[in-house]
Amino acid sequence: MKYAFIGTGSMAAAIIRGMVAGGVAPGDILAFNRTREKADALANELGITVCDTLEAAAQAGAIVLATTPQSFADILPRVGRAMRTDALVMSIAAGYGIAAIREGIGRDAGIIRIMPNVNANVCASTTGYATSASITAAQLDAFHFAFGKIGELIELDESEFETFSAIAGCGVAYVYMFIDAMARAGVKNGLSKQKALSIAASAVMGSAKLVSESGMHPYALIDSVTTPGGTTIEGVLALQRCGFESAVHAAIQASIDKELGMK
């Protein structure tokens with residue numbers, strides 16, 4: 001199956017890189033962008049095919065809508081006119097629901113609303129998705145084949161998208177901040193920045209893996225490494241005194257409130 005990307009911004013590029021790294025043939029990926037520079041750069045890097053018009057939609061069995069939400073009012077009817085009757089439509093545009101996509105393309109179709117994150121660049125995205133009632137088993141398989149290459153897939157109800165986006169989409173930035181903060185503390189205490197970043201990133205990656213695979217509650221894992229009178233409990237209490245958990249809750253809520261306010 002051929003996959004047509006309508007728009008080749010940073011998130012689309014991350015997804016395409018992840019798909020190719022995961023084994024999707026570059027020749028099966030078509031790209032159309034309003035200006036060719038970004039699409040041409042990806043073609044030179046990965047070997048995908050660039051289309052000058054929405055012929056990309058006409059040639060593909062699956063279409064990934066990756067333009068900005070502001071462009072949707074213009075692009076959706078054009079995609080609807082160009083696409084095959086049996087094509088799968090996938091969208092990564094924030095705030096655009098399945099009903100709005102169906103109305104925009106002007107026809108019933110198998111539609112999947114998708115929320116990946118930038119970790120798709122290294123095939124480690126946490127990707128949420130919701131499907132239309134008219135999705136077929138073959139279309140769902142095509143989605144899983146492509147987007148399963150870029151990380152974990154989590155099926156959602158559309159009502160859960162704002163919260164998912166705040167945690168899995170915006171939340172990666174908060175994790176990056178945490179890694180950088182730990183690394184800077186390491187620099188303060190004599191480590192090189194490169195070495196401190198490597199240590200911090202590895203510690204976060206291993207901790208996330210243990211939470212994911214052990215089935216243990218994070219606080220049980222905290223208790224397992226905080227010995228009486230030890231160094232870890234001192235750090236944990238310092239984080240609590242500084243409002244660490246409250247700050248994380250506030251960040252997630254601010255992201256949710258912002259997205260709800262954009263509707």
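Helices (H or I, at least four residues) and strands (E, at least two) are DSSP runs, numbered from the N terminus. This is a predicted model, in which local features need pLDDT of at least 70, side-chain atom pairs count only at pLDDT 80 or more, and totals for chains, interfaces and linings use all residues. Residues are numbered from 1 along each chain as its sequence is written, and side-chain values use heavy atoms, with hydrogens and water left out.

Start with threonine 8. This residue sits in the loop between β1 (3-6) and α1 (10-21). Threonine 8 has a relative accessible area of 3%, so it is buried. Buried means under 20% relative accessible area, exposed over 50%, and partly exposed in between (1.4 Å probe, protein chains only). Leaving aside residues up to four places away in sequence, threonine 8 touches Ala31, Phe32, Asn33, Lys38, Ala39 and Leu42. Contact here means heavy atoms within 4.5 Å.

Next comes the sheet. Eight strands form an open sheet with mixed pairing, in the order β3-β2-β1-β4-β5-β6-β7-β8. β3 (49-50) and β8 (151-155) are the edge strands, and each pairs on one side only. Two strands pair if DSSP finds at least two bridges between them. Strands β4 (residues 62-65) and β5 (residues 88-91) pair in the parallel sense, over four bridges. Leucine 65 has serine 91 in β5 as its bridge partner.

Helix α4 (residues 72-82) lies across β1, β2 (29-32), β4 and β5. The helix runs at about 170 degrees to β4. Axes are lines fitted to C-alpha atoms, for helices over the stretch in contact, and angles run from 0 to 180 degrees between N-to-C directions.

Helix α4 also holds a charged pair. Aspartate 74 and arginine 78 both lie in α4, four residues apart, about one turn of the helix. They form a salt bridge, with the closest N and O atoms 3.2 Å apart. A salt bridge is a side-chain nitrogen of Lys or Arg within 4 Å of a carboxyl oxygen of Asp or Glu. Aspartate 74 is partly exposed at 49% relative accessibility, and arginine 78 is partly exposed at 32%.

The structure holds eleven salt bridges. One of them joins arginine 102 to aspartate 108, with the closest N and O atoms 3.4 Å apart. Another joins glutamate 158 and arginine 113 (2.9 Å, N to O). Glutamate 158 lies in the loop between β8 and α7 and arginine 113 in strand β6, so this pair ties together parts that are 45 residues apart in sequence. Glutamate 158 is partly exposed at 28%, whereas arginine 113 is buried at 4%. Elsewhere, Arg36, Asp40 and Asp52 are linked in a network of salt bridges.

Now look at cysteine 123. This residue lies in the loop between β6 (110-115) and β7 (125-131). Most residues other than glycine have a negative phi. Cysteine 123 has a relative accessible area of 28%, so it counts as partly exposed.

Phe178, Met182, Leu239, Phe244 and Val248 make a nonpolar patch of about 390 Å². Helices α7 (161-188) and α11 (244-261) are the elements that give two or more residues to this patch. Patches are made of residues with over 30% relative accessible area and no salt bridge; like charges are joined within 9 Å, and nonpolar side chains (Val, Leu, Ile, Met, Phe, Trp, Tyr) within 5 Å. Accessible areas come from the Shrake-Rupley method with a 1.4 Å probe, and for residues only the protein chains shown count as cover. Phenylalanine 244 lies in helix α11 and is partly exposed, at 36%.
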